Every structure is written in C-alpha cells, then in structure tokens.
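Subject: Structure handover and notes

Dear colleague,

Please find below the sequence and structure that I am passing on to you. My notes on what was found follow directly after them.

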Amino acid sequence: MSRFLPFFTLSLLPVAAQSPDDNQAFSAAVREFLPAAATAMPVKKIELTFTPDTPPAADSSPAAHPEAYARFVEALQEVVQQNIYDFCQPLRIVLEATNDEFAVMSWMEKAAAEGNPAACQFVGDRRLSRIPRDKMQSPEVKAAYEMVRKAADAGYDAAKINVCMCMQMGIGTKQDEEAAKKYMFEACRSGNMIPRYKWLQMSGRLSCWDDRERPEVAAEINRGNHHVLYYLSSKATSVEDRIAMLRSAAEKGNPEALYTLSALSSEKAPKESLILLKEAVKLHSSDALFALGTAMTDGDPNNPILQAAGIEHNDVAGRQFIKLAAMLNHVGACFWLGSMNYHGKCGIPVNQERAFLHFDHGAAAGNATCGTAAGIMLLRGLGIPQDTRKGLYYLNVAANAGVPHAVIMLAYAQHTGTGLPADSKAATKLLQEAAAMGQKHAYVYMAYISAKGGSKLSPDPGMAERYVRLASLDMKEEARAMYDKLMAEGWNPEP
C-alpha cells in the first residue's frame, strides 16, 4: 500500500453510502443551482508554431524579464476573470522568455505573493500534491492550504474544489464536511462546468454508464457539460456508444475527447487524426501537445503513419510542444525530456542535472516510471550528489506501484550493498519477483549474479546459463548480447 495520498483527482475520493434523505438534499441543491447559465469554458487557441529555441536563460527569474513578466501577470488575470483552470498561455510566456521549463515556479510564486488568485492556486496545488500521511498537518502543508484557500475566497472556482478536498480529508486544515460542501456548492452555483462535474463524481452520482439517466446527470448533459460526456465515454458499454459520447464531447470543445478520437483514428485515417490532434493542441490538451511534439521529433523521417498524416520532422517546434506539456504536468513529457537530457538526443545537449529535475518533476506528479529513473540517479549519484537513502525511497515507492524495473534496481542495491546490506541471495529473490511481474530482463540480471556470485551466494556458471536460456525465450539473441555486456562491463544501471 502506498504511503502517499492521491493527487487532487476528486474521482478517487471515498463516497459515503447514500440515504434517501441524502438524495432529497442533493435534488434540492440541484434545483437551487441549475438555473445558473452554463459556462462554456472559453479558451484562447494558440498557434502551432514556436520561435527557435535557445539555451535556457542565464537568469530565468521574473526580475530579469520585466516585460515578459508583465504579460505573464496579464495572462493570469485573464485566467481569473474567465474563472478557468487553463494555464497554457501564461506558461507559454515563461517558456518563450526563458526557454527554461523550470522557471515557472519562481514566476508563479512572485505572482502569488502579489495576490493573484490563479497563481495562488497553481503554487498551492503543486505543493499539496502527493503528501505523505504523516505530513498532512505540517507547517508547509498548512501554508499551501492557506494559499489555495486565499484563491478560493477570492472567487476562483478551481481553488474551491481543492479547498473542499482539503477539508474533507484534513489536509492542512481540520476535517469539516459541512464547510467542504459549502465551498463546492459555491463553485457549482457559478455555472462553471468543472465543479458540477466534480461534484457529481464526489457524491457518487456519476460512476457508471447507467448514471447518465439520473436526473441530475442528465441535467448536466443537457447543459452541454462536456466533462460529463467525456467521463461517460470511458464507461460506455459498447464501441458505438463510446464513439458517440466522444464525438458529442469533442463537438462541445472537450480537448481530451478530441485527442482520444485522434488516437483512435491515427492508423486508419491519419490525415483526419492530425486535424483532430491539432484542434486538441489549440485547446491546450497536454496529451495532444506531447503526442504532436513526439511525432515531430520522431527519429524515423520515413515513418509511414507520420508521412500519411503529413507531419513534418521539426525538432525545434516538437521540443517546445513537449516542454509546454511538461509544464502542464504531463508525466510522459517529463520522462521524455529527462531521457533526452540524460542521453543528449533530439538536439538537446547532455545535461544530467536537468535530466534529474525532469524525472523528479514527473515523480512528484505521481509517475512511478519517472520515480524509478530519479531513484537510479540518486542511488548512483549520476548528475547529482549521491543520496542512497532518498534513492531507495523513490525506488520503493515505484516498486510498490508495480514498476518491475524499480524492483530490479532494489535487487541491484542489495547485490552491490548500495544503501542496503550486501546480500546477493536476497537480490536474486527480488529479481525473481521482477520476472514474475513480466520484466524479461530480470533473468539476464539473475544470470549475471549467478555467474559472479556475491554475499551469501556462491558463483554458479551452470545456473547462469540456464537463466540466459530462459531470457532468450522472450529476448532471442538480445539476451546473450546483454549478458555478455554485463560480464564485460559490470552492472552500471542508468535511467
């Protein structure tokens, strides 16, 4: 069981059993706020081009870019005025001014200190992500909660949702169910679609396909709440119903629905898929930004699907799309940028320090694969000072999340005595667990340990050969090549 709380994904909240009185109270509340006009969640579409990127600015602080910071604050004010949770435009201003995707927090922190509600929500939300249960009332968490509460009390609906969750779960404040409901009802009364969608989820009224027939859910569908439509598409019991819901959500401007339809049609109708993908990018879908960016930077210019879609190779624009996706917390983009910075690919120079920052960002956003990569770098001191304790912590979290490679890295630590007592026999048991989880490389590492031996384990060349043959069932000749390289160079894992 993970020791971490989930992110602010309100669908993960536990739902209490509902009584008839509870249903009546909800219906009364629905009647109370339904007359409010629907909010169509306006967005500013962004162009699909970027200026050529340069190395990160020597000084990426907001003080070093006063004109850009003024535009950034103006963009944040628009976010507040429109009462939307869409930071794409202000983040893009930071990226174009500094070409440093890590500069955003200093810019947001300055704007939050100046009282901007959207910035308060952004900073507070990031600081409240993945809090260990024993830190829920720490001074840092309480300060982050107060920041989000300040944004909520200023009328910013996205912050009201977070305050509701904090009050329900006792994060940075005492548990108070009635006060939590008050904040959520206030957000719903504004007509904003997202709070209404979240409320239906939190109350258990929106959890399966049949819930579309509930009066309160049907009311939101009739109001054009594309968040509800997109959610229902994931619960549809037939392909036809799923596509119909996706199309309905896409027609009403849901970027995730546009991206999903694009992905579903990428092989059979690549040109049409690209049109949908670009529309999703214009609506600031981080999935679409990452997908288009990786397509543009694909290493094979002769890829038939990309050629059929008409996607031209463009490392410059592709990198910028991926950086923007990472700034929007897309964990796939964080891992991609971490890998490219570590290995020096796709026009990005080798920079292990920035690689770790990207992996660490993805880990903080809840991605166990990024956590594994960050754990490896910490464990071995690759690009950053070695911290075996922290590295093992990251790897344990990833292993508990079901990442086989994290289990392999724990076996490495056990075999080499890196942060753990050296015990090659225990390491082999961990590798067997990784193999049972489907990690085919685990047999090669078992072969290596068997051949070399170690603490509490004598060398056994015959067993090593048996493990290589087991690996070859899946990996073919790659197993022998990997084993030979290990024997020649040693086990020196990298992310």
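Just after helix α26, residue Gly490 adopts a positive phi of about 85°; helices here are DSSP runs of H or I with at least four residues, numbered from the N terminus. Please bear in mind that this is a predicted model, in which local features need pLDDT of at least 70 and side-chain atom pairs count only at pLDDT 80 or more, while totals for chains, interfaces and linings use all residues. Residues are numbered from 1 along each chain as its sequence is written, and side-chain values use heavy atoms, with hydrogens and water left out.

To stay with α26 (residues 477-489), its 13 residues should span 18 Å at 1.5 Å a residue, and the end C-alpha atoms are 19 Å apart, which agrees; the expected span is 1.5 Å times one less than the number of residues. Within α26, Ala479, Met482, Tyr483 and Leu486 are buried, where buried means under 20% relative accessible area, exposed over 50% and partly exposed in between, with a 1.4 Å probe and protein chains only. These four cover an arc of only 100° around the axis, which puts them on the same side of α26, the arc being that of the directions from the helix axis to the C-beta atoms. The face turned away from that buried side carries the exposed residues Glu477, Lys485, Ala488 and Glu489, whereas the cover over the buried residues includes α24 (442-452) and α25 (461-475).

Lys160, in helix α7 (residues 157-169), counts as buried at 9% relative accessibility. Leaving out residues up to four places away in sequence, Lys160 touches Ala152, Gly155, Tyr183, Glu186 and Ala187, a contact being heavy atoms within 4.5 Å.

Finally, the cysteines: with a disulfide taken as a pair of cysteine sulfur atoms within 2.5 Å, the count comes to 0 disulfides. The sulfur of Cys166 is 9.3 Å from the closest cysteine sulfur, in Cys164, and is therefore too far for a bond. For Cys370 the closest cysteine sulfur is that of Cys334, at 5.7 Å, again too far for a bond.

Best regards

Terms used
Helices (H or I, at least four residues) and strands (E, at least two) are DSSP runs, numbered from the N terminus.
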